[in-house]
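Here is a short briefing to read alongside the sequence and the 3D view. Please keep both open as you go through the points.

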Amino acid sequence: MGDMGLLRRSSDPPARPPDLRPPRSMWWWIIPGALLIGAAAWATMQWLLGDLTTLTPEQATIRIEAARTALAAAAGVGAAVTLMLAVRRQRHQELATAHTTHDATERRVTELYTKAVEQLGNAQAPVRLGGLHALERLAQDTPQLRQTIVDVICAYLRMPYTPPPEHEDRQAKIRAAHRAVRARTRPSTDTPWRDPAEERQVRLSAQRILRAHLHYLQSNARRRWWQRPSTPPRLFWPDIRLDLTGATLLDLDLSACRIGNAQFGMVAFSGDARFDGTTFSESVTFDQATFSESVTFDQATFSGSAVFDEATFSGSARFEGAIFSGYTRFGQATFSEGAGFEGAIFSGYATFGQAAFSRSAVFGRAAFSGYAVFDQVTFSGSAGFDGATFSKDARFGGTTFSGYAVFGGAIFSGYTTFDEATFSEDALFDKATFSGPTRFDEVTFSRSVRFGGVTFSESVTFDEATFSEGAVFGGAAFSGHAVFSQDEQSRNVDLDGAAVSPASEAKRVWPTGWRVEKASDGQSDVLKKADSAATEGEAPQHSSEAISDPQRE
């Protein structure tokens, strides 16, 4: 560990010196240059001094001074050439020294890296801890090695590990250690034994190292125009990828971190896991991961795809305010406790197909900008979608709602289907808006259901839907096709006061005993319960226009 002090502490990467090329021979231009200068000097002297005998003393003096000037200029050119050669020689020596120093530093870094990695394989926990901290400092001082060292730490965490029992008898451990000393037993050199409690501390240190250098807390203070942009924290390592596939992680806390591509597939999260405010700048996978306790992703940002297929959440799972920008999958995921997605934003395709929610599931005020798929999902507890927004198609085909289902104030802008869904408890759709074609075919409402104030802008069908108890549509508005069953399955439907927009081409089949009448204002049409005597033997009201089967775009 003392060798690490030899490394410089600057966070900037060491600059590699320019390539050192072997010096080229300069005689090919020095000799011709010298001959040219000598010839020019000789020719100048001959021209200036050749006819001195015919000149006056004043003219001869001028000629001699000119010759001296020419000789001085030639000498200056020679001195400049000599100086240039000296500078070139000095530059070559500096580059050679820089390369020697750089190579020595690279060898030293390699030696330190190799030694630290070897320490990770030691059977003694303090030695492994020393190796981890040596790698951390080496990565802090050598940015180009950061991803490599993170890969080594991740590989260490992926090694098989079984956490010790939470309530292990400490006295029993001490007695076992004393017996081992008295028996002079030593661990085998082939398969070194590692104490699970000590190994736990080593793994916690490895996780703390990752968090310390992925943590990024940006100040919320408003920057003035004259202030420089805030720089990342000195300890932050940008653009780091994590591959923890199949690892066992203990009480992992990566909240407020910035991570690139991350792979947590088949990870066993022992204890609570926190990802609050974490930003995943690339794709992230949690497929088949197991969370033994609670996990929080509140305000997390998933910039790429997010895959949680077949993940198991044994404790509570919170994704409140999370942002999913890409493809999102929770297919066949299992939520044993409460699941919270309140205020979450799904910008891309989002699917929860065949997921199972054993307790309450909250999607209130969630925004689905892409397709939302909840086919064959099981909600054993209450399901809350109040105020949720579905900008494109929303599918709840074959979904089972065993608890209360709340869709009050939800907005469905695209094609919406609840075909073959089952509502075992009360269902609430008050003031929901269905702007696209909507289907509730073969749906089973075992308890009461409310559609008060609901707006159906296009076609809506309740073909073969079963209303075991009351179904209230008071204040609902039907603008397009509307089809209800004519048998006993719709006998509990209450359409009193529901508004019907005039549409000559719309097919409307109301339950037996209901007809369209003028409202008290004489302007709009509403549904009223007809007298049983007047309706006996009367054919159901509908137009001759056949209803079109709405399809997904």
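Predicted model: local features only at pLDDT ≥ 70, side-chain atom pairs only at ≥ 80, totals over all residues.

The unreviewed UniProt entry places the feature "transmembrane region" at residues 26-49 and at residues 69-87.

**The parallel sheet**
- Eleven strands form an open sheet with parallel pairing, and you can follow them in the order β2-β5-β9-β13-β17-β21-β25-β29-β33-β37-β41.
- The edges belong to β2 (248-250) and β41 (466-467); each has a single partner strand, so one side of each is left without a neighbour in the sheet.
- Within this order, β33 (residues 422-423) pairs with β37 (residues 444-445) in the parallel sense, over two bridges.
- On that pair of strands, look for F423, which stands opposite F445 in β37.

**The largest nonpolar core**
- The largest nonpolar core holds 116 residues, and F264 and F478 are the ones that touch the most other members.
- Two or more residues come from each of these elements: the helices α2 (57-120), α3 (125-141), α4 (146-157) and α6 (196-214), and the strands β40 (460-462) and β44 (482-484).
- Of these, α4 gives the most to the core, with seven residues.
- Leaving aside neighbours within four places in sequence, F478 is in contact with a set of residues that includes the aromatic side chains F456, F473, F484 and W510.
- The contacts of F478 also include V460, L495, A498, A499, V500 and L527, along with S501 and R508.

**A closer look at T416**
- Where does T416 lie? T416 lies in strand β32 (residues 416-417).
- Is T416 buried or exposed? T416 is buried, because its relative accessible area is 0%, and buried means under 20%.
- The side chain of T416 reaches the backbone oxygen of G414 at 3.3 Å.
- Setting aside neighbours within four places in sequence, T416 is in contact with A394, F434, P437, T438 and R439.
- R395 and T416 are 21 residues apart in sequence, while their C-alpha atoms are 5.8 Å apart in space.

Definitions and conventions: Residues numbered from 1 in each chain as written. Heavy atoms only, no water. Pairing = 2+ DSSP bridges. Helix = DSSP H or I, 4+ residues; strand = E, 2+ residues; numbered from the N terminus. UniProt positions renumbered as here; feature names shortened; annotations may be inferred. Core = buried A, V, L, I, M, F, W, Y, C linked by side-chain atoms within 4.5 Å. Buried < 20%, exposed > 50% of the residue type's maximum accessible area, 1.4 Å probe, protein only. Contact = heavy atoms within 4.5 Å. Polar contact = N/O pair within 3.5 Å; in protein donor to acceptor, adjacent residues only side chain to side chain.
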